Amino acid sequence: MTELRTSYSQDHSARDGLEADRIFTSHFNRLALDPLTPDHVEILDTTLRDGEQTPGVALSMDDKIRIAQLLDDLGVDVIEAGFPRTSPGEQEAIRKISSLKLRAKVCGLARCSREDIDSAVDNGVDYVHTFIATSEGHMKNKLKMSREQVKARAVDAVEYARSRGVIVEFSCEDGTRTELDFLKEMHIAVQEAGVHKINLPDTVGTMSPPAMEYLVSEVMKVTKVPLSIHCHDDFGLAVANSLAAVRKGARQVHVCVNGLGERAGNAALEEVVMGLLAFMNVRTNVETRKLGMTSRAVARMTGVPIPDTKAIVGNNAFAHESGIHVHGVLKDPSTYEAFSPELVGMQRNIVMGKHTGAHSVKEKLSEYGIILPEEMLSTVVSKIKTLAESGKEVDDAELVALALHIQGQVNKEHQHVKLKEFTVFTGMNITPTSTVVIEVDGKLVRSSDVGIGPVDAALNAIRTAVSENISLVEYRLNAITGGSDALCEVTVKLKMNGDQKVMSVGKSIGSDIVLTSVNAAMDAVDRLLGRQKS
């Protein structure tokens, strides 16, 4: 294994060199580069349009604005903000996004009609993406129009949009199932009408990468403006097809964050950007270190969770359990990682399981400031394997408790902090407020604080009472049983500011989420103070 980007020329920035040091893809990628591939491509993100067409997704106005700001900060070139003719609400959202004065171009989708184009331009966009279907099935069964009628409609739309003073991109809808000669004829016609970009959509995700390379090579013979590509994932090939199109000369890719979109979704932004960078030396304006944060934010706002096994940004993308893998990746990340997690704003995670080895346990315990002699370490590893083989998932809290028990340091009679009183007030139009009385090394301390919710308020009150230097690293809530009276399991991970090497973790199970969270936090605080004093 070797990294690909050693072929970069000397005029690239220092940041390029840093990225090159963190990408470890196969040297065979370099041998397969194509001279038709551009050095740089633009990214058009359609999360707010095609992404919102994901079944079950309905974004609020605030969510749309926030996602647009995130995409702009990420560095995408064009934000397709919506389809304005669909509703007054869509028009208002596009108008507000356009008023933000983002660096990215704000695009509105429009059918090949003057009314659609006016609806987009009149709501402030500086970019119109207009389309009409060109496959035989669509023209005959949906549009009930002839080829000449379709071409005339497209030409009129492009000319009219140009007259409104905006950038114009045109799509032959269902382009990958359109007769090649007619597809080329359409491209020539809209170019003569003054189109700025032409998009080639794989509307139903029916292409293979070799077929995409062939088709793009053919249409590039008559396409003199930048060619864009828009792929759907019905066969799981949206990203591969997007890369194939760029390989043969496409200069813009349509994407959605986390691969959102109709049916099986669109090409995933994070996978396209990293695939272009790692396999083809193709640059984008996307700041890759913000991919993880953007992905998580969009998942939260759309309500569509990121699968653990999702490439680039999934929880397991940089998770290692096997002892051999952990040993290797701790010595040299390139042994079992294609690129460093920091490059995409993620973190490496050492997982405890039946394949865990001593290196994994030693590394994980060191995060909590726990150093065990070899014989104790072997005992911990053995216990973990036994638990894992019985179907038990061993998390950080259980690992720490197990290690401290074996070390002989768990003794509840010597708690550093004890919760004496706890209250929390919350409700409609009331700022959540919590008051606690905590015994800290024998001294009673009373404290009150507020938060964005009852749990946040309670944790803030505990931190204020014990030490302002305590920071929350992770809060995790899991439902154990079903129903409104379900038991919940809360895990809280804390650290002392300025001491990155020592963390603590606490866990509690109960039926009341707030009280269970407080108990878990108190457990973590007690362990953290114990580590500080030892």
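What follows is a chat about a predicted model.

Reader: Let's start with the sheet. In what order do the 8 strands close into a barrel?

Author: The order is 1-2-3-4-5-6-7-8, and the pairing is parallel. On average, neighbouring strands of this sheet are turned by 25° against each other, with direction ignored.

Reader: How many bridges are there between strand 1 and strand 2?

Author: Strand 1, residues 42-45, pairs with strand 2, residues 78-82, over 2 bridges in the parallel sense.

Reader: And which residue in strand 2 is the bridge partner of Leu-44?

Author: Val-78 is the bridge partner of Leu-44.

Reader: Which strands does helix 6 touch?

Author: Helix 6, residues 136-143, packs on the sheet and touches strand 4 (127-133) and strand 5 (167-173). The direction of helix 6 makes about 85° with that of strand 4.

Reader: Helices next. At what angle do helix 8 and helix 9 pack?

Author: Helix 8 (residues 180-192) and helix 9 (residues 209-219) pack at about 45°, and their axes are 10 Å apart. Helix 8 is therefore oblique to helix 9.

Reader: Is that crossing left-handed or right-handed?

Author: The crossing of helix 8 and helix 9 is right-handed.

Reader: Which residues make the contact?

Author: Helix 8 contributes Leu-180, Leu-183, Lys-184 and His-187. From helix 9 come Tyr-214, Leu-215, Glu-218 and Val-219.

Reader: How do the residues of that contact divide into nonpolar, polar and charged?

Author: The contact of helix 8 with helix 9 has 5 nonpolar residues, 1 polar and 2 charged.

Reader: Where is Lys-101 found?

Author: Lys-101 lies in the loop between helix 4 (88-98) and strand 3 (105-111).

Reader: Is Lys-101 buried or exposed, and why?

Author: Lys-101 counts as exposed because its relative accessible area is 71%, and the cut-off for exposed is over 50%.

Reader: What about Asn-258, what is its phi?

Author: Asn-258 has a phi near 65°, again a positive value in a residue other than glycine. Asn-258 is found in the loop between strand 8 (252-255) and helix 11 (269-280).

Reader: Buried or exposed, that Asn-258?

Author: Asn-258 is buried, with a relative accessible area of 16%. The cut-off for buried is under 20%.

Notes:
Residues numbered from 1 in each chain as written. Predicted model: local features only at pLDDT ≥ 70, side-chain atom pairs only at ≥ 80, totals over all residues. Heavy atoms only, no water. Helix = DSSP H or I, 4+ residues; strand = E, 2+ residues; numbered from the N terminus. Buried < 20%, exposed > 50% of the residue type's maximum accessible area, 1.4 Å probe, protein only. Axes fitted to C-alpha atoms, helices over the stretch in contact; angles between N-to-C directions. Parallel < 35°, antiparallel > 145°, perpendicular 65-115°, else oblique. Left-handed = near helix turned anticlockwise from the far one by under 90°. Contact = heavy atoms within 4.5 Å. Nonpolar A, V, L, I, M, F, W, Y, C, P; charged D, E, K, R; others polar. Pairing = 2+ DSSP bridges.
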